[in-house]
Amino acid sequence: MPVPHAPALFTFEFAADPYPAYAWLREYAPVHRTTLPSSVDAWLVTRYADARQALADSRLSKNPVHHSEQAHRSGRVGIPGERSADLMTHLLNIDPPDHTRLRRLVSKAFTPRRVAEFGPRVQQLTDRLIDSFAERGSADLIHEFAFPLPIYAICDLLGVPPEDQDDFRDWAGMMIRHGGGPRGGVARAVKRMRTYLAELIHRKRSELTAQPLPGEDLISGLIRASDHGEHLTENEAAAMAFILLFAGFETTVNLIGNGTYALLRNPEQRALLQESVQRGDTSLLATAVEELLRYDGPVELATWRFATTPLDIGGVAIPEGDPVLVVLAAADRDPDRFEGPDTLDLARRDNPHLGFGHGIHYCIGAPLARLEAQCALATLLTRLPDLHLAAAPDDLRWRGGLIMRGLRTLPVGFTPERGA
Ligand code: HEM
């Protein structure tokens, strides 16, 4: 039988629904070399088994110096603006042994316990944001809810004083609006954030005494963290704070945005979740967030990897120096791993999705992302029980950009809450 034509990638239609194209690639070209919109050539890995293996393959380096084209110098690879802002030493750009050292230090400060203790604060932020539009009966859930919640949450956790948090909201807004267009604004926002964080770290370091303080913020925890007598330098702490913000922000916006959208488009599943959270039962909420990560996760492609040696992925020879992009969104819909992969099943139990990655770069913020998404979805469904889409799905726009997948806007309607 003739093989159908390869689908067009990275078009407008593709951004709205990339899943049919990924199904084609999994079937006919599971390890596929393509030219990206930035004109860099890269390999896309789309099957679950290959994807999982590639994410844990130490021959694939995260350090852009291994890229044969050195395209990172021109800003075509990596986070826009990070080169100029001297932030290259963060976790997603380095390999062992440096990665092991830095990750161990940050893990001492960014503990699951610190995140769990943050639960009441996330609930407070969630309620405050919903208060701001609940009496109106309509809202854009991206701009008014999914976007500000993670930025305020991570600022609070890091210890950015409340009076400075709106600056972060502005800088983050400049970064998130970037979708393949001019990069100047993004680079400026990254630079301002970096300068601010460096000053904050410097101030906190001089304020700190040698004793740990109860309830201290994450930046103080980062400065204090030590491993066999080793500490983070101020530069490393600034790069770490930056990557926590950068990696923890747009991803969580998209989990809340894509997740709410998927619920609104699957009314039976939404009803099941709504009934269970209204009863105060959180067991379905936990599997639901994992399923939303699998079904339409925030990170469409894992971040850049480069072959340090010629290697084989799924029977395809990858030359040394070539970039490899693992397509998490394609792997997580692979019928060889997931039953009924295109169906949203909030109670799915066998769900080892790759939405948070896999291997040594597995998302360090996963506990915080889960906390925020569970809180956001449960509170929305409880406080605004008749929440519905206020736009035709075809009219919704998805942000361009290679790595992340998320809606630009999510207009909704609901019965207004009566004022207290
Ligand atoms: C790494 C997804 C939220 C911090 C990753 C990776 C993925 C991911 C897929 C691995 C990338 C790769 O291997 O190329 C997500 C998703 C999130 C989320 C879907 C939200 C729904 C967060 C949050 C934080 C965070 C809230 C921090 C506050 C990080 C960091 C890394 C990372 C620092 C790099 C870890 C390393 O290289 O060792 N994340 N993330 N993420 N994430 Fe997240």
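Two strands are taken to pair if DSSP finds at least two bridges between them. Helices (H or I, at least four residues) and strands (E, at least two) are DSSP runs, numbered from the N terminus. The model is predicted: local features need pLDDT of at least 70, side-chain atom pairs count only at pLDDT 80 or more, and totals for chains, interfaces and linings use all residues. Residue numbers start from 1 along each chain as its sequence is written.

Strand 8 (residues 323-326) takes part in two pairings. With strand 5 (residues 305-307), strand 8 runs antiparallel and is joined by two bridges; in this pairing Arg305 has Val324 of strand 8 as its bridge partner. With strand 2 (residues 41-45), strand 8 pairs in the parallel sense over three bridges, and Val326 of strand 8 stands opposite Val45. In a regular strand, side chains alternate between the two faces of the sheet. Both faces of strand 8 are covered, with Pro323 and Leu325 buried on one side and Val324 and Val326 buried on the other. A residue is counted as buried if 20 or more other C-beta atoms, placed from the backbone, lie within 10 Å of its own, as exposed if 12 or fewer do, and as partly exposed in between.

A further open sheet consists of three strands in the order 4-10-9, with antiparallel pairing. Its edge strands, strand 4 (138-140) and strand 9 (388-389), each pair on one side only. Two bridges connect strand 9 to strand 10 (residues 411-413) in the antiparallel sense, and His388 has Gly413 of strand 10 as its bridge partner.

The shell around the ligand comprises 26 residues, of which Gly248, Gly357, Cys363, Gly365 and Ala369 come nearest; a residue is near a molecule if its C-beta atom, placed from the backbone, lies within 6 Å of it. Helix 12 (234-265) and helix 16 (366-383) each contribute at least two residues to this shell, and helix 12 gives the most, with seven. By class, 16 residues of the shell are nonpolar, nine polar and one charged, where Ala, Val, Leu, Ile, Met, Phe, Trp, Tyr, Cys and Pro count as nonpolar, Asp, Glu, Lys and Arg as charged, and the others, Gly among them, as polar.

The chain as a whole contains 16 helices and ten strands. Its radius of gyration, taken over C-alpha atoms, is 21 Å, close to the 22 Å that the globule rule gives for 420 residues, so the chain is as compact as a globular protein of that length; the rule is 2.2 Å times the number of residues to the power 0.38. Of the 420 residues, 44% count as buried.
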